[in-house]
Amino acid sequence: MNGPYAADRLVALVDAILQRSGSSPEESAIVAANLVDSDATGHASHGVCQIAVYAKSLELGHLQPNRHARVVRDEAPFLVVDGEVGYGQVIAREATDLAIARAKAGGACVLALRNAHHIGRVGSYGEQCIAAGLIGVFFVNVVSRPLAAPHGGGRPRLGTNPICIAVPATPGHPPFLLDFATSAVAANKCRVAAASGKEVADGLLIDERGVPTRDPGVMFRDPTGAILPFGGPLGGHKGYGLALACEILAGALAGGLPALPENLRPGRVVNNALAFLIDPARVAESGGDAENGGWQALTDAVLDHIQDTPPVPGGDGVLVPGGPERRSRALAVERGITLDPDTVRALHGIGGALGLDVPAFLGA
């Protein structure tokens, strides 16, 4: 049964798996909540399906439980943090909290996060910034099996390298949260499609020869195919340019670990990030109205104008980044969370091997 499952049941199961895999109760609670929330917000690629990846990383020694963010350099506005290959959800959360404190004190912080295991949905750290009343801009690279081809290239060379931009709520609108991979599709969506025997849309993948294909199975053969950068045939240079910027800013500059062949290991996953946290009150007036230059009022005016755009025929109108995640969370509370068959099998296999009664946790 693939669900739907209540979020609290999934959190309890993942929490138990992590604790039996060596995590402290504090660590397991953070990671489990983050993974399930990723599924709830509609980002299943960073959700509970990652448990299988983490189990393999633990087995290979590429993931170390119970590590914390270690400050390497603290010279305002610069903060450099090492994750010591700990659970990325814990490391990135702690690093963002440290950066928030410094941005609150000094108006801005440039955070370099290096050597963390998979940090999950980057938007969750944008949400930390939003809750603190700060703007956050995150560039992240992925050191793992390359998945994405550079624009014009026929082989994978890059990760799905995500970018996140977060802006606090204004009087007239909820927070703005832009969080996207620079690849045309998430690798996990290819996995789900392949497991279901389904094809993907045109313009997303190329096979091992560099030829366009709709077969998601090319991502799981040797040699593999590649995911194209977002933007399609005419705009793929844009997604590629942003992915390469992530590799330079997060991998080379912040982490010292770009996704070069000499840095890749079977089963290894490392995230590095370069983030900019800004107190908007240090840049512009907070109050007032649009005519008097208050940034919140001006932002409301921009968003009102955009959302007032007439929809295309048969469309639902213009959405603002962050809206789909809020809607998905509300539906998850109401309807529960559905997992793909591979993830359900992994939960039963990993949990059962650890002595857990997985059906009881899931209410099956």
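Predicted model: local features only at pLDDT ≥ 70, side-chain atom pairs only at ≥ 80, totals over all residues.
Leu205 stands opposite Thr213 of strand E8.

Strand E7 covers residues 205-206. E7 and E8 are joined by 2 bridges and run antiparallel. The sheet is open and has 3 strands, in the order E8-E7-E9. Its pairing is antiparallel. Which strands form the edges? They are E8 (212-213) and E9 (226-227), and each of them pairs on one side only.

**The domains.** The domain assignment divides the protein into parts that include domain 1, domain 2 and domain 3. Domain 1 is made of two segments, 4-63 and 323-362. Domain 2 also has two segments, 70-181 and 231-283. Domain 3 spans 185-227.

**Where domain 1 meets domain 3.** The C-alpha centres of these two domains are 25 Å apart. How many residues are in contact across this boundary? Domain 1 brings 6 residues and domain 3 brings 5. Interface size is often expressed as the accessible area lost when the parts come together. Here domain 1 and domain 3 bury about 410 Å² between them. Of that area, 53% is on carbon and sulfur atoms. On the domain 1 side, Ser45, Asp340 and Asp342 supply 74% of the area buried against domain 3. No other three residues of domain 1 supply more.

Charged pairs also link the two domains. There are 2 salt bridges between domain 1 and domain 3. In a salt bridge, the side chain of Asp342 meets that of Arg191, with an N to O distance of 3.2 Å. Asp342 is also one of the three residues that supply the 74%.

**The cysteines.** How many disulfides does a search of the whole structure find? The search finds 0. A disulfide would be a covalent bond between the sulfur atoms of two cysteines.

| Cysteine | Nearest cysteine sulfur | Distance |
|---|---|---|
| Cys164 | Cys129 | 7.8 Å |
| Cys190 | Cys49 | 12 Å |

Why is neither in a disulfide? The cut-off is a sulfur pair within 2.5 Å. For Cys164, the nearest cysteine sulfur is 7.8 Å away, so this residue is in no disulfide. For Cys190, the nearest is 12 Å away, so this residue is in no disulfide either.

Are these cysteines buried or exposed? Cys164 is buried, with a relative accessible area of 0%. Cys190 also counts as buried, because its relative accessibility is 0%.

How values were computed
Residues numbered from 1 in each chain as written. Heavy atoms only, no water. Buried < 20%, exposed > 50% of the residue type's maximum accessible area, 1.4 Å probe, protein only. Pairing = 2+ DSSP bridges. Helix = DSSP H or I, 4+ residues; strand = E, 2+ residues; numbered from the N terminus. Domains from an automatic or database assignment. Contact = heavy atoms within 4.5 Å. Buried area = accessible area lost by both parts, 1.4 Å probe. Salt bridge = Lys/Arg side-chain N within 4 Å of Asp/Glu carboxyl O.
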